[in-house]
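Work through these exercises with the model open beside you. Try each task before reading its solution.

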Amino acid sequence: MIAFLAGTLAHKAADRLYLEVGGVGYELAASTRTLSSLGSRGEDVLLYTYLHVRENEVSLFGFVDEEEKRVFLALIDISGIGPKVALAVLSTLQPRMLAGAVATEDIALISSVPGIGKKTAQRLIIELKGKLDTVFPAQSGEAPADTGAKAIGTDSDEHGALADAQAALFSMGFSAAEIAEAFAGAPAEASSETLLKHALANMGGSRP
């Protein structure tokens, strides 16, 4: 198993990148979240990886952090969800945003992912319930949360704040992909108002 690769970014496309490591070029499929986090050609990059082996295909996937990789692994562990669908989910919803949608059973948000219908969204929620707690453990030394509602913060109120902020952006007309990017770097413990201000600042304060 290849745990990670550290090398030089040789090329970046819409859904993949090429990484030069010791004179060898590796092609890695990646989410838009990972791709947008990378710099320009020639910069040093470290990516966590997953090697997917099928009967007639070997594919390598890259992730900007272990958090995204672990959510990816949880997704492909679900019957009928392959790596391409898992990447589509992570390209639309950031890992913590997905955890929030699962915790609140937000079928509409999950079904906003291209290729994911309402029935599949319902199945994802059922299958992922509790599984993401290990990815987003409770903070301050507390025991892992019993429900998905505590996966993002230290209590359900914090998660409710994130859900409220997400809903506010949806009502403004922003897409799921835009909202996922907007909450990058958001504080773990914050009110919905603070989260919304953070998201709008990331978006440049503009509305559609």
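**Exercise 1.** How many aromatic pairs does the structure hold? Then describe the pair formed by Y50 and F61.

*Solution.* This is a predicted model. Start with the count: the structure holds four aromatic pairs. Next, take Y50 and F61. Planes under 30 degrees apart would count as stacked, and over 60 as edge-to-face. Now place the two residues. Y50 sits in strand β4 (residues 44-54) and F61 in strand β5 (residues 57-63). Eleven residues separate them, and the pair links distant parts of the chain. Both Y50 and F61 are buried. Finally, widen the view: Y50, F61, F63 and F72 make up one aromatic cluster.

**Exercise 2.** Which residues have the most contacts inside the largest nonpolar core?

*Solution.* The largest nonpolar core has 46 residues. Those with the most contacts inside it are F72, L75, L98, I110, L132 and L169. Another core lies apart from it, with eleven residues, including L5, L19, L28 and A30. There is a general pattern to recall here. In soluble globular proteins, nonpolar side chains tend to be buried together. Now look at L132. Setting aside neighbours within four places in sequence, L132 is in contact with V71, A74, A99 and V102. F72 also has a place in the aromatic cluster with Y50, F61 and F63.

**Exercise 3.** Which residues of helix α6 are buried, and what covers them?

*Solution.* Helix α6 spans residues 118-128. Its buried residues are A121, L124, I125 and L128. Look down the helix axis: these buried residues fall within an arc of 100°, so they line one face of α6. Then turn to the face directed away from that buried side. It carries the exposed residues K119 and I126. Next, find the cover. What covers the buried residues of α6 includes α2 (66-76), α4 (95-103) and α5 (107-110). Last, step past the helix: α6 is followed by G130, which has a positive phi, near 85°.

**Exercise 4.** Is I2 buried, partly exposed or exposed? What is I2 in contact with?

*Solution.* First locate I2: it lies in the segment before β1 (4-12). Its relative accessibility is 27%, so I2 counts as partly exposed. Now list the contacts. Leaving out neighbours within four places in sequence, I2 is in contact with T49 and L60. Check the first partner along the chain. I2 and T49 are 47 residues apart, yet their C-alpha atoms are separated by 6.3 Å.

How values were computed
Residues are numbered from 1 along each chain as its sequence is written. This is a predicted model: local features need pLDDT of at least 70, side-chain atom pairs count only at pLDDT 80 or more; totals for chains, interfaces and linings use all residues. Side-chain values use heavy atoms; hydrogens and water are left out. Buried means under 20% relative accessible area, exposed over 50%, partly exposed in between (1.4 Å probe, protein chains only). Helices (H or I, at least four residues) and strands (E, at least two) are DSSP runs, numbered from the N terminus. The arc is that of the directions from the helix axis to the C-beta atoms. Contact means heavy atoms within 4.5 Å. A nonpolar core is a set of buried Ala, Val, Leu, Ile, Met, Phe, Trp, Tyr and Cys residues joined through side-chain atoms within 4.5 Å. Rings of Phe, Tyr and Trp (its six-membered ring) pair if their centres lie within 6.5 Å; planes under 30 degrees apart count as stacked, over 60 as edge-to-face and the rest as tilted.
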